[in-house]
Amino acid sequence: MNTDSRCVRCGPVPPLHVPEHIGADIVASVVERITTTADPPVTPLWCPWPLPPGWTLTGVAYAGDDRTGVRATAVACAGPAPLGGGPADLVFVAEEPGVGLGTRLAGLTGPDPGPELVDALTDPGSGHPDHVGQAKIKVGGHPTPLWLVNSATDRSAYAGEARGMWLHAIAWPASAGHLLAEDVVLHDLTEWTPPELVYGAPSPYLPGRA
């Protein structure tokens with residue numbers, strides 16, 4: 001018998017928990033789960049704050065169980081595309097090495113973006129025609145670079161490091177990555193959840209329905 005959750009491509013993985021709804025009470029329950037089951041350091045729950053104009057928080061998720069604690073978190077947001085032309089979605093993932101949530105949302109195989117980052121640092125290539133070559137955002141008050149990595153063609157994906165963990169940003173459509181060229185500041189909701197957060201319809205991307 002094996003009690004681990006398993007991916008047919010990657011083998012044992014931490015189970016992913018995605019609440020069906022989103023609101024202040026859901027965020028509070030996920031924050032409590034993260035902070036009470038994890039050994040230090042606590043996995044951050046990175047959320048843009050302040051939210052870009054017209055954007056809403058559309059989902060939170062975490063990967064882990066009672067035995068291993070929370071090993072990865074994800075926050076989804078949605079709003080108007082930075083270049084116009086309809087809606088856009090962004091998901092921010094913080095995870096320990098070897099979890100693979102960020103690469104899964106990017107549409108890639110493998111547990112970590114390390115090989116992709118090596119390629120991005122040595123030969124950025126053309127990537128998506130509407131991509132931002134390198135994104136510079138603030139994470140927990142610190143300037144943090146993110147590099148474009150390979151992804152499925154309907155999205156753009158960026159990866160970097162913050163607080164000793166992988167940080168991923170995945171944007172739908174690919175051109176929505178231009179939002180990361182603006183003054184995006186990520187705040188850890190496990191430290192403080194702004195009461196002014198605005199919530200929208202649940203994201204279809206966290207549970208993998210889109």
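**Close-up views of a predicted model**

**View 1. R163, D188 and E191 are linked in a network of salt bridges.** A salt bridge here is a side-chain nitrogen of Lys or Arg within 4 Å of a carboxyl oxygen of Asp or Glu. Side chains of opposite charge can pair when their charged atoms come close. This is a predicted model, where local features need pLDDT of at least 70, side-chain atom pairs count only at pLDDT 80 or more, and totals for chains, interfaces and linings use all residues. Residues are numbered from 1 along each chain as its sequence is written, and side-chain values use heavy atoms, with hydrogens and water left out.

Look at one link in the network. The side chains of E191 and R163 meet at 3.0 Å, N to O. E191 sits in the segment after β12, while R163 sits in the loop between β10 (156–162) and β11 (165–172), so the pair ties together parts that are 28 residues apart in sequence. Helices (H or I, at least four residues) and strands (E, at least two) are DSSP runs, numbered from the N terminus. E191 counts as exposed, at 54% relative accessibility. R163 counts as partly exposed, at 42%. The cut-offs are under 20% relative accessible area for buried, over 50% for exposed, and partly exposed in between (1.4 Å probe, protein chains only).

**View 2. R163 has a positive phi.** The value is near 55 degrees, and R163 is a residue other than glycine. Most residues other than glycine have a negative phi.

**View 3. T190 has a polar contact with D188.** T190 is in the segment after β12 (185–188). The side chains of T190 and D188 are joined at 2.8 Å. A polar contact is a pair of N or O atoms within 3.5 Å; within protein, one must be able to donate a hydrogen and the other to accept it, and residues adjacent in sequence count only if both atoms are side-chain atoms. Is T190 buried or exposed? T190 counts as buried, because its relative accessibility is 18%. T190 also touches V31, I34, T35, V42, T43 and L45, not counting residues up to four places away in sequence. Contact means heavy atoms within 4.5 Å.

**View 4. R33 forms a salt bridge with D66.** The closest N and O atoms are 2.6 Å apart. R33 lies in helix α1 (residues 24–37) and D66 in the loop between β5 (56–65) and β6 (69–80), so the pair ties together parts that are 33 residues apart in sequence. R33 is partly exposed, with a relative accessible area of 25%. D66 is exposed, at 63%. How many salt bridges does the structure hold? The structure holds 5.

**View 5. R155 forms a salt bridge with D154.** Their closest N and O atoms are 2.8 Å apart. R155 is buried, at 11% relative accessible area. D154 is partly exposed, at 37%.

**View 6. The largest nonpolar core has 39 residues.** A nonpolar core is a set of buried Ala, Val, Leu, Ile, Met, Phe, Trp, Tyr and Cys residues joined through side-chain atoms within 4.5 Å. Which residues have the most contacts inside this core? They are L45, V60, I137, L167 and L186. Helix α1 gives the most to this core, with 5 residues. Focus on V60. Leaving out residues up to four places away in sequence, V60 touches V18, P19, I22, I26, V27, V30, L45, A74, V75 and L206. A second, separate core has 21 residues, including A72, A74, L105 and Y205.

**View 7. The structure holds 1 cavity of 30 Å³ or more.** On a 1 Å grid over the protein atoms alone, a cavity is a set of points where a 1.4 Å probe fits but cannot get out; lining residues have an atom within 4 Å of a point. Grid points are joined across faces, edges and corners, and a volume is the space filled by probe spheres set on the points. The largest cavity has a volume of about 40 Å³. Its lining is made by G102, T103, A106, L108, P113, V149, A157, Y158, H168 and I170. The elements that give two or more residues to this lining are α2 (101–106), β10 and β11. Helix α2 gives the most, with 3 residues.

View 8. Most peptide bonds are trans. P50 lies in the loop between β4 (46–48) and β5. P173 is in the loop between β11 and β12.

Note on methods. 1 Å grid on protein atoms, 1.4 Å probe; cavity = no way out; pocket = protein on both sides within 12 Å on 5 of 7 lines; lining within 4 Å.
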